[in-house]
Amino acid sequence: MCGIIAYVGDRDVQPVLLDGLSRLEYRGYDSAGIAVHSGNGIRIQKRAGRIAELAKAVVKSPLHSTSGISHTRWATHGEPTDTNAHPHLDQSGRIALVHNGVVENYQTIKQALTEKGHVFHSATDTEVLAHLVGEHYDKLSSLQGANRLVAAIKAALSEIDGTYGIAVIHQDLPNLVVGARRGSPLVLGIGEKEQFLSSDAAALSPYTQKVIYLKDFDIVTLQPGKFDIQTIGEREVSYEIKELDFKPEAAEKGKFAHYMLKEIFEQPTAIKNAMRGRLDKETGTAHLGGLNLTNEQLRDIRRIIVLGCGTALYSGMVGEQMIETTAHLPVETDFSSEFRYRNTPLENDTLFFVVSQSGETADTLGALREAQRKGHRVLGICNNVGSTIARESDGGVYMHAGPEIGVAATKSFVSQTTIFALLSLKLGRMRYLSAANGHEIIHALEQLPAQVEAILAQSDYIKKIAEKYAASQSMLFFGRQGNYPIALEGALKMKEITYIHAEGYPSSELKHGVIALIDKKTPSVVIAPHDSLYDKNMNSIQEIKARCGPVICLTTNGNKEIDSNADDVIKIPQTLELLQPILNVVPLQLLAYHTAVALGRDIDKPRNLAKSVTVE
């Protein structure tokens with residue numbers, strides 16, 4: 001949640017910060033602000049609303065400088081107002097601070113500072129942290145320059161409970177920015193006589209390809225020609241300069257109206273990238289060297305648990321079906337947020353997978369650490385090579401899907417499910433799957449990108465269906481086995497970006513309560529490919545139609561029977577039953593997208609949501 005961009009160098013800082021904020025706006029868009037060094041101290045502009053509101057303000061009153069910090073907010077403490085927007089000043093007005101995360105004990109600290117005469121103007125925990133830094137700065141008069149500010153920040157952070165990614169400037173220290181992180185990502189961008197700090201490397205790609213992904217308890221000072229990384233505590237300093245693996249245009253919308261639509265249409269490439277170099281046609285298996293497990297160790301596994309949140313969890317539920325089908329291994333899925341606080345009985349031979357596009361999801365990171373604390377090996381499936389989950393997991397598989405900017409996840413889901421298909425192939429070949437079956441799965445996997453292209457070609461047709469039902473107040477999604485999590489994901493996409501109430505259920509649960517919701521104003525989306533449970537799904541459709549419920553049926557090519565049994569039909573290519581869910585999700589993404597467009601929604605920035613959930 002929230003986005004930070006900071007700069008120090010020889011450029012005019014205002015356009016750099018505004019551009020960076022616009023690239024980070026998917027992380028939060030309740031309010032935004034900028035603070036810069038100036039000849040008369042620190043100047044601040046901040047506004048509730050989108051980045052555009054801040055841009056209008058600085059056009060009227062420019063913030064010319066060569067160093068500064070900025071922030072785009074997803075509100076936690078305090079409503080989205082000008083006053084609650086970041087940056088916040090300390091009591092003296094000489095220190096400005098922006099903050100991602102949550103200070104859990106801010107009320108206690110605020111009370112103590114109030115008793116010392118501090119006056120607070122906002123309802124945020126961040127202003128309390130700014131005042132705490134200023135309080136320590138005033139006490140450290142024996143120190144000078146950057147050392148004094150760094151020492152004050154270290155002292156303040158040692159007193160707080162919670163998470164943070166911060167950037168700080170002091171009016172008496174021009175051309176100096178200090179950053180620190182714990183639980184909220186920060187990336188250092190290294191340029192020629194200029195340095196950057198950002199919550200996401202995507203905001204840095206137009207300016208530099210050299211980055212350092214800061215670790216928890218790192219504290220970094222940025223000056224035009226140099227940077228210095230220290231740690232809060234006794235941990236030894238270590239870092240690695242990395243080259244970004246994507247170009248700036250990868251994070252642009254290009255010809256598409258919205259990032260979400262662009263990313264839906266990038267899914268054939270995302271599937272190819274997930275499979276690239278990992279299919280072994282000779283032996284009918286998959287190579288996943290990043291697991292850091294020998295074949296003997298993999299064969300000894302008796303149970304798998306997949307942890308994630310939202311879309312990532314639903315991809316794990318698809319993976320559960322795949323792995324149990326091919327490898328006969330019991331798989332469980334759980335919400336990261338529930339697992340981390342529940343005392344789950346665990347056998348010694350249990351392997352964990354944690355799934356997170358960003359690799360920074362707070363609940364999933366907490367669940368990873370809890371599983372490791374109990375002595376289990378945890379593997380990550382994530383998209384961000386420099387993320388905390390990528391660093392802290394014992395191994396894993398990178399998605400290589402490229403930047404995903406749209407808040408509603410699309411290409412990351414198909415990438416994750418494709419990776420689970422590779423895992424099921426590898427584990428299956430080690431157990432019960434024959435080489436012939438392995439070759440059959442590989443052949444089907446290789447057909448997926450072209451099959452997704454065929455689905456995308458129906459976008460205009462799906463748009464007409466979406467417009468027909470856009471006035472609905474509620475929608476129901478049904479699927480069975482591997483298509484049940486697809487129903488959940490289809491419902492999630494619909495509610496995320498259209499604000500239509502939507503729920504996903506197993507088709508078999510229709511008679512067990514859900515049927516009470518069926519009426520002529522509530523469309524049901526039924527996923528009914530021509531598979532082993534097709535007849536069961538047809539029964540569900542008949543039960544819905546008998547109660548005058550409109551039915552949008554998603555089925556496979558060649559099925560003519562369904563045409564007279566559903567109000568609207570979307571037909572897609574058929575693949576192996578194991579892999580069909582990967583294809584089935586694509587038309588549901590398009591259905592949600594076109595419905596949201598018809599309703600005039602803000603597709604890439606839906607209300608109350610942010611892309612990367614780095615707070616509990």
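Which residue lies over the face of tyrosine 137?

1. Arginine 148 does, at 4.0 Å from the ring centre, where a charge is taken to sit over a ring if NZ of Lys or CZ of Arg is within 6 Å of the ring centre and within 35 degrees of the ring normal. The charged end of arginine 607 likewise sits over the ring of tyrosine 499, 4.0 Å from its centre.

2. On the basis of these remarks: this is a predicted model, in which local features need pLDDT of at least 70 and side-chain atom pairs count only at pLDDT 80 or more, while totals for chains, interfaces and linings use all residues. Residues are numbered from 1 along each chain as its sequence is written, and side-chain values use heavy atoms, with hydrogens and water left out.

3. The count of aromatic pairs comes to seven, the rule being that rings of Phe, Tyr and Trp (its six-membered ring) pair if their centres lie within 6.5 Å, with planes under 30 degrees apart called stacked, over 60 edge-to-face and the rest tilted. Among them is the tilted pair of phenylalanine 256 and phenylalanine 265, at 5.6 Å centre to centre and with 40 degrees between the planes. Phenylalanine 339 and phenylalanine 352 also form a tilted pair, at 5.3 Å and 55 degrees; this pair links distant parts of the chain, since phenylalanine 339 belongs to helix α10 (residues 336–339) and phenylalanine 352, 13 residues apart from it, to strand β19 (residues 350–356). Helices (H or I, at least four residues) and strands (E, at least two) are DSSP runs, numbered from the N terminus.

4. Both phenylalanine 339 and phenylalanine 352 are buried, whereas phenylalanine 265, at 29% relative accessibility, counts as partly exposed. Buried here means under 20% relative accessible area, exposed over 50%, and partly exposed in between (1.4 Å probe, protein chains only).

5. An open sheet of eight strands, with antiparallel pairing, has the order β3-β2-β4-β1-β10-β9-β11-β14, and its edge strands, β3 (41–48) and β14, each pair on one side only. Two strands are said to pair if DSSP finds at least two bridges between them. Within this sheet, six bridges join the antiparallel strands β2 (residues 31–38) and β4 (residues 67–73), and serine 31 has arginine 73 in β4 as its bridge partner.

6. Strand β25 (residues 551–556) pairs with β26 in the parallel sense over five bridges, and leucine 554 has isoleucine 570 in β26 as its bridge partner. Because four of the five residues of β26 (residues 568–572) are buried, this strand is largely enclosed by the rest of the structure.
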